[in-house]
Amino acid sequence: MISIQHISKSYKEVQAITDISLEVQKGELFGLIGPDGAGKTTLMRILMTLLIQDEGTATMNGFDIIKDYKKIRNMVGYMPGRFSLYQDLTVEENLNFFATVFKTTVSENYDLIRDIYIQIEPFKKRLAGKLSGGMKQKLALSCALIHKPEILILDEPTTGVDAVSRKEFWEMLKNLQQKGITILVSTPYMDEAMLCNRVALMQKGKVLDIDTPRNLVDGYTRKLYAIRSNDMHRLILDLRSYEKTDSAYAFGQYLHVTGKDDEVEATEFENYLMRKNHEDLEVHDIAPTIEDVFMELLQDTIV
Amino acid sequence: MEKVIEVRNLVKKFGSFVANDHLNFDVYQGEIFGFLGANGAGKTTAMKILCGLSSPTSGEAKVASFDIYKETEKVKRNIGYMSQKFSLYEDLTVAENIRFFSGVYGISPADRKEKQDKLLKDLGLESARDSLIGSLPLGWKQKLAFSVAIFHDPKIVFLDEPTGGVDPITRRKFWDLIYEASDRGITVFVTTHYMDEAEYCNRVSIMNAGRIEALDTPENLKKQYSAKNMDEVFLKIARNVD
């Protein structure tokens with residue numbers, strides 16, 4: 001449905017994205033996962049025909065993003081990272097505006113947005129600028145859907161949004177996917193990667209890996225330990241100064257720790273930490289998360 | 001332990017809307033205090049009051065032992081502030097940013113020189129002294145932004161979603177800085193949407209619809225809500241289900 005071949009783009013001396021190629025299948029929920037500066041927004045703007053790439057080609061549903069840009073704009077719904085609706089129009093006015101621009105009406109495609117719009121309908125006379133974060137997000141999604149697009153491109157829809165609203169938003173995306181819409185979504189939250197069919201892990205304009213989240217996690221071959229004690233800060237310092245530790249990072253209530261060459265046994269960590277007088281010590285094997293995978297890939301690229 | 005923030009029956013109304021509904025809590029010296037809540041729960045309103053930028057409708061609060069009605073200037077001088085959105089000026093150099101913020105906080109030029117040298121040495125950023133902030137890698141910027149926020153040795157530093165959009169390694173390195181500041185006795189008051197980060201706090205408060213619904217150590221909150229992690233605690237409180 002989306003085919004990207006060797007796309008590169010630079011802004012003056014800054015290389016924003018370098019030689020990106022990926023395919024998104026029809027009906028797929030595909031995630032671009034990476035921190036700020038990974039190139040997610042640039043790639044999406046190129047696909048949305050708002051920027052022109054320096055090199056490479058891309059098609060959406062068979063249409064070329066440069067030659068057929070008008071067709072693409074009619075076929076794709078876009079939710080930019082920054083809230084881009086008219087703040088001084090009401091909820092209802094924004095929706096009508098976007099419907100009119102695409103030569104349709106709200107009632108014609110109401111089925112598609114009903115589940116989402118119904119939650120903000122009680123506030124339809126309110127100015128968009130006066131909505132809370134979660135409501136703005138729902139309105140922006142409704143506006144992106146109002147012309148019944150085949151593809152939906154969402155640029156960090158959940159950034160700065162609380163954990164509850166994030167979960168609700170992903171439920172909405174799953175529902176839209178059920179309706180046959182192909183979705184390309186970007187996020188800096190690693191846990192959201194698990195909710196996609198496939199993801200591209202991105203950093204500094206490059207794709208580090210593309211696969212299903214399950215395969216990425218299964219592909220992590222290192223021996224990973226979860227370690228905790230009653231003084232987590234001292235624990236992390238002690239582990240980092242231990243010659244057999246390769247990496248030690250906080251993961252919620254545990255540290256995730258790898259040993260040099262993966263040849264360090266749990267008992268070695270345990271004995272070392274007992275000598276350091278750690279109390280309530282707990283050391284056990286743990287399955288990696290997608291965040292462990294991403295961090296392993298990042299190790300080489302970070303200062 | 002010394003209380004550095006004391007809040008009693010704090011209320012803030014905007015017209016008929018109650019943004020903060022009788023907040024009561026204390027924060028102690030050197031504590032890492034997580035201030036959580038859904039969007040629109042009233043966190044920003046409360047934080048603005050504690051930073052001396054907004055007056056409450058009623059109630060009392062002291063920050064660094066100064067009254068938040070009458071001594072807002074003293075409050076401001078004794079706190080540091082950093083957020084993902086506002087930290088350093090991108091088009092000034094490292095040294096210029098330090099000079100600017102030193103001026104704002106009334107640090108004398110002689111003191112500044114000495115502290116700046118030490119800071120850049122500690123951070124390993126000596127070679128970047130005359131580089132524009134905009135040209136630095138994100139990890140460096142963050143380290144520097146945090147160091148500048150506590151450059152005047154405040155009693156408390158307020159961090160408003162300091163790690164949004166940051167890669168997972170840089171995010172964790174940022175927490176190393178938070179722990180170091182706390183070890184030095186600086187109180188850290190932090191908001192975040194990453195629930196794993198809630199686990200790193202000494203105590204966590206969770207706001208919902210203007211009220212503090214829960215306040216305890218992550219350990220006790222998990223027990224109280226029979227949750228396996230802070231994400232579950234948060235969902236239970238913010239969704240109002242038991």
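## Chain A and its two domains

Let's start with chain A, which splits into domain 1 (2-212) and domain 2 (225-287). Between the C-alpha centres of these two domains of chain A there is a gap of 41 Å. Keep in mind as you look around that this is a predicted model.

Chain A has 303 residues, and 44% of them count as buried. Its C-alpha trace spans about 70 × 45 × 35 Å along the principal axes. If you count up the secondary structure, you'll find 10 helices and 14 strands in chain A. Now take the contacts in chain A between residues at least 6 apart in sequence: 70% of these join residues at least 24 apart.

## The open sheet in chain A

Next, have a look at a sheet in chain A. It is an open one made of six strands, and reading across it you get the order β6-β7-β8-β3-β9-β10, with mixed pairing. The edges belong to β6 (76-79) and β10 (206-211) of chain A; each has a single partner strand, so one side of each has no neighbour in the sheet. On average, and ignoring direction, neighbouring strands in this sheet are turned by 15° against each other.

## Zooming in on strand β9

Strand β9 (residues 198-203) of chain A runs parallel to strand β3 (residues 29-33) of chain A, and four bridges join the two. You can check this residue by residue: A:F30 has A:R198 in β9(A) as its bridge partner, while A:G31 stands opposite A:V199 in β9(A).

Is β9(A) mostly covered or mostly open? Mostly covered: six of its six residues are buried. Here's a handy bit of background: in a regular strand, side chains alternate between the two faces of the sheet. In β9(A), both faces are covered. A:R198, A:A200 and A:M202 are buried on one side, and A:V199, A:L201 and A:Q203 are buried on the other.

## A well-enclosed helix

Now find helix α1 (residues 40-47) of chain A. Eight of the eight residues of this helix are buried, so it is largely enclosed by the rest of the structure. Which residues of α1(A) are buried? They are A:K40, A:T41, A:T42, A:L43, A:M44, A:R45, A:I46 and A:L47. After α1(A) comes A:T49, which has a positive phi near 65°.

## The nonpolar core

The largest nonpolar core has 148 residues, and the ones with the most contacts inside it are A:I183, A:L255, B:V157 and B:V188. Among the elements, α5(A) gives the most to this core, with six residues.

Leaving out residues up to four places away in sequence, A:I183 touches A:L29, A:F30, A:L152, A:L154, A:L173, A:L176 and A:Q177.

## Where the two chains meet

How many residues does each chain bring to the contact? Chain A brings 28 residues and chain B brings 27 residues. On the chain A side, the elements giving two or more residues are α5 (133-145), α6 (163-178), β12 (245-251) and α10 (290-298). The top contributor on that side is α10(A), with four residues. Sorted by class, the side of chain A that touches chain B has 14 nonpolar, 11 polar and three charged residues.

## Over in chain B

Chain B also comes with a domain assignment: domain 1 (3-78 + 155-238) and domain 2 (89-153). Notice that domain 1 of chain B is written as two stretches. The C-alpha centres of these two domains of chain B lie 26 Å apart.

The two domains of chain B touch, with nine residues of domain 1 in contact with eight residues of domain 2. On the domain 1 side, the largest share comes from helix α6 (residues 168-183) of chain B, which gives five residues. By class, that side of domain 1 of chain B has six nonpolar, one polar and two charged residues.

Definitions and conventions: Residues numbered from 1 in each chain as written. Chains lettered and ligands numbered in written order. Predicted model: local features only at pLDDT ≥ 70, side-chain atom pairs only at ≥ 80, totals over all residues. Domains from an automatic or database assignment. Contact = placed C-beta atoms within 7 Å. Nonpolar A, V, L, I, M, F, W, Y, C, P; charged D, E, K, R; others polar. Pairing = 2+ DSSP bridges. Axes fitted to C-alpha atoms, helices over the stretch in contact; angles between N-to-C directions. Buried ≥ 20, exposed ≤ 12 C-beta atoms within 10 Å, placed from the backbone. Core = buried A, V, L, I, M, F, W, Y, C linked by C-beta atoms within 7 Å.
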